[in-house]
Each structure stands twice: as structure tokens, then as C-alpha cells.
Amino acid sequence: MTAISTEAAAPGKVILFGEHAVVYGRPAIAIPVTQVRATAMVTEGEQPGILLQAPDLGRDYRLEEADEGDPFARAVQVFISAAGLPHLPDLTVSVRSTIPIASGLGSGAAMAAAVIRALALHFGDADLAQDEQVSNLTYQVEKLLHGTPSGIDNTVVAYERPVYFMRQQPHNLIETLAVGRPLRLLIADTGQPSPTKIAVGDVRRQWQADPSRFERLFDSCGRVAESAREAIETGQVEQLGRLMTENQHHLRDMTVSSPALETLIAAAEESGALGAKLSGGGRGGNMIALVTEAQEPAVQAALLAAGARAVIGTVLAAS
Ligand code: PMV
């Protein structure tokens, strides 16, 4: 008999504008990166209990053996408690991912979203399979692991749409962005792991030490994100490049850039990119460069020559 299986996937993501300031209630913009994905598969009844498999990491273990901070196990547990299932059948949950880990591309959020959606679909729970619920449950996993995430990562990977996001009570503002003209981005990896939690903690300490300076910096990032939204919607690609460069100045002032990021940003700008900035927590991880089709090969070559470990190209289609 063929085992019953259910599959779901979630994309990677990049933050285009507003990282860090978004934790303090300012708007930010993020887009899905669909070239890379996490895929979860739920298969029933192959062995007793719940088996977790992460073949890319060479891991194969039982749910009850997982460490406290294991994000994969957390995603399964968060689903089980939200679904309120009295008894789970024997299951194998397996995850594969092409999203580079710990580099600001949202690998953890995408893994959790894929697992939660696959389980919800498998158990025919139409409510928990909705984007909003997948996002909320993924946020719970992120919170357990990262402390004070803004919620933008889980939102963009669960909705798989470009989003304008603002953290607020009682519900976050989540708006889908229209895209006036296609946006072509190069995403370059410094090869240095990006410790988001540490960068977020450092920004918090600096904000506590000098709140008025940091509030001004966050306000400036918020204004950049608002202008960027307009530039994306009206297709003003050159203006968008200038706004990326401006956002990078503010991120530098928050001390979340790094020599490796600055080297790649300079290489992108010198080879003709319309704008460039770090993306995500900073201190490593990825930077992004906005390019035209004609500029792309030269900027890609310059990024690799400047030491980028990998460069991913993505196009956000006009909508
Ligand atoms: O490092 P990433 O891509 O997960 O992005 C973190 C973005 C921050 O704004 C720094 C933190 C957050 O929770 O929004």
C-alpha cells in the first residue's frame, strides 16, 4: 500500500528596506525569493511515533529526542498544540531546503512555514493552512528561538508576496505591494554567518543608551521605507536604488554593517548598480544590489571578484 503523503513549500526572503527599525514599529518591505525554497513532506504510518528527517543536514531523529531549541521540532510542536489533536497518528516529517542557512534569507522561517502548512494540509485543517495562520504559528517558532522578532520574516514566507509590514497592536499591518516595473536584484553572500539575535540585541542596548538618537535613526529608516513603497508601486527604479543607499547609511550608523558587507556594497556601486545595502540582521549574511538587466553581468562579476561566496539573481515581476 502506498503511504499517504502531503507536501508544502515556502520560499526564501530578503528584506529590501527597514530591517532593525521594523522591530521598533517602523514600516519595512520584504519580498519572497522563490528561487530557493524549503519543502516539507508529511508521510503517515511508516514507523511508530513521530520521526523528523532533515536529509540535507544528515539528521534523522524522534520528536521526543529533539533538543529544547530545535526549530524543526518546535514547528511540529507548535502545530500539534494549535491543532489540539487528541492523538497524532504515526508520522514521518521530512524537510529539504535550498535556502542557505543563517544568511538573512529566512531559512528558519521558511522551514517552519513549510512544516506547519504541510501538517495542516495533511490533517485537512483548512483554517490552520491559511496564510495568516501559517504566519502566526511560524512567528511562535521564531519567537521561541530569537526572542523579539518583528514578524516580517514569517509574514513574507507564509504569504509569498511582496509585503509592506508594520509591527503594531492589536494586529500587524500587512499590505501587499503592487510592483510598477520589474525589480532585478542580486543577493550576495558574505559567507559570514549573520547572528541576527546578536545584532538585534546590540541595537537594543544602543537604543537604551541613547534613545533619542536611535529613535531618529529608526524614523529615518521608516521614511525611507515609505518612499520606497511609492517608488516600487510607481516603477521608479532609479529612485529606489538611491533609497537603498540611503537606508544603508542609517544601518551603518546603527553599527550593523561589517567590513565584508561594505566591500560587497562598494563593489556593486562601483560596477554600476543602482543601489546596494545589507539585508536582514547585518554583521554578515547577505547584501542586495538593485540592477538593470544590462548591468547585471558586470555587477555579478564584481561581487564575485570582491569575495562574495555566492550570488543569487532574482526578479520581482511587475503586478
Ligand atoms: O536576519 P534576518 O533576515 O532574519 O532579518 C532580521 C530582520 C531584523 O529586522 C533585524 C529583525 C526582525 O525581527 O525584523
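Let's start with a pair of residues facing each other across two strands: leucine 183 has leucine 316, in strand E11, as its bridge partner. Keep in mind that you're looking at a predicted model. The strands around this pair are E8 (residues 183–189) and E11, and they pair in the antiparallel sense over seven bridges.

E8 and E11 belong to an open sheet of four strands, with the order E9-E10-E8-E11 and antiparallel pairing. Strand E9 (275–279) and strand E11 (310–316) stand at the edges with a single partner strand each, so one side of each has no neighbour in the sheet. On average, neighbouring strands here are turned by 25 degrees against each other, if you ignore direction. Look for helix H9 (residues 296–305) too: this helix lies across E8, strand E10 (286–291) and E11, and runs at about 10 degrees to E8.

There's another antiparallel pairing to find. Strand E6 (residues 163–166) and strand E7 (residues 173–176) are joined by four bridges, and a hairpin of six residues takes you from E6 to E7. Within this pairing, phenylalanine 165 stands opposite isoleucine 174 in E7.

How many of the residues of helix H4 are buried? Eight of the eight are, so the helix is largely enclosed by the rest of the structure.

E2 deserves a stop of its own. Strand E2 covers residues 28–44, and threonine 43 sits in it. Is threonine 43 buried or exposed? Its relative accessibility is 9%, which falls below the 20% cut-off, so threonine 43 counts as buried. Its side chain makes a polar contact of 3.1 Å with the side chain of serine 5. If you leave aside neighbours within four places in sequence, threonine 43 is in contact with Ala3, Ile4, Ser5, Asp90, Leu91 and Thr92.

Helix H6 (residues 211–234) has 24 residues, so at 1.5 Å a residue it should span 34 Å; the C-alpha atoms at its ends are 35 Å apart, which agrees. Its buried residues include Phe214, Leu217, Phe218, Cys221, Val224, Ala225, Ala228 and Ile232. Following H6 is glycine 235, with a positive phi near 75 degrees.

Finally, the aromatic rings. There are five aromatic pairs in the model. In one of them, the ring centres of tyrosine 61 and phenylalanine 72 are 6.4 Å apart and the planes are at 90 degrees, so the pair is edge-to-face. Tyrosine 61 is in strand E4 (residues 59–62) and phenylalanine 72 is in helix H1 (residues 71–83), eleven residues apart, so to speak linking distant parts of the chain. Both residues are buried. Elsewhere, ring pairs link Tyr24, Trp207, Phe214 and Phe218 into a cluster, and Phe214 and Phe218 take us back to the buried residues of H6.

Terms used: Residues numbered from 1 in each chain as written. Predicted model: local features only at pLDDT ≥ 70, side-chain atom pairs only at ≥ 80, totals over all residues. Heavy atoms only, no water. Buried < 20%, exposed > 50% of the residue type's maximum accessible area, 1.4 Å probe, protein only. Polar contact = N/O pair within 3.5 Å; in protein donor to acceptor, adjacent residues only side chain to side chain. Contact = heavy atoms within 4.5 Å. Expected span 1.5 Å × (residues − 1). Pairing = 2+ DSSP bridges. Axes fitted to C-alpha atoms, helices over the stretch in contact; angles between N-to-C directions. Phe/Tyr/Trp six-rings, centres within 6.5 Å; stacked < 30°, edge-to-face > 60°.
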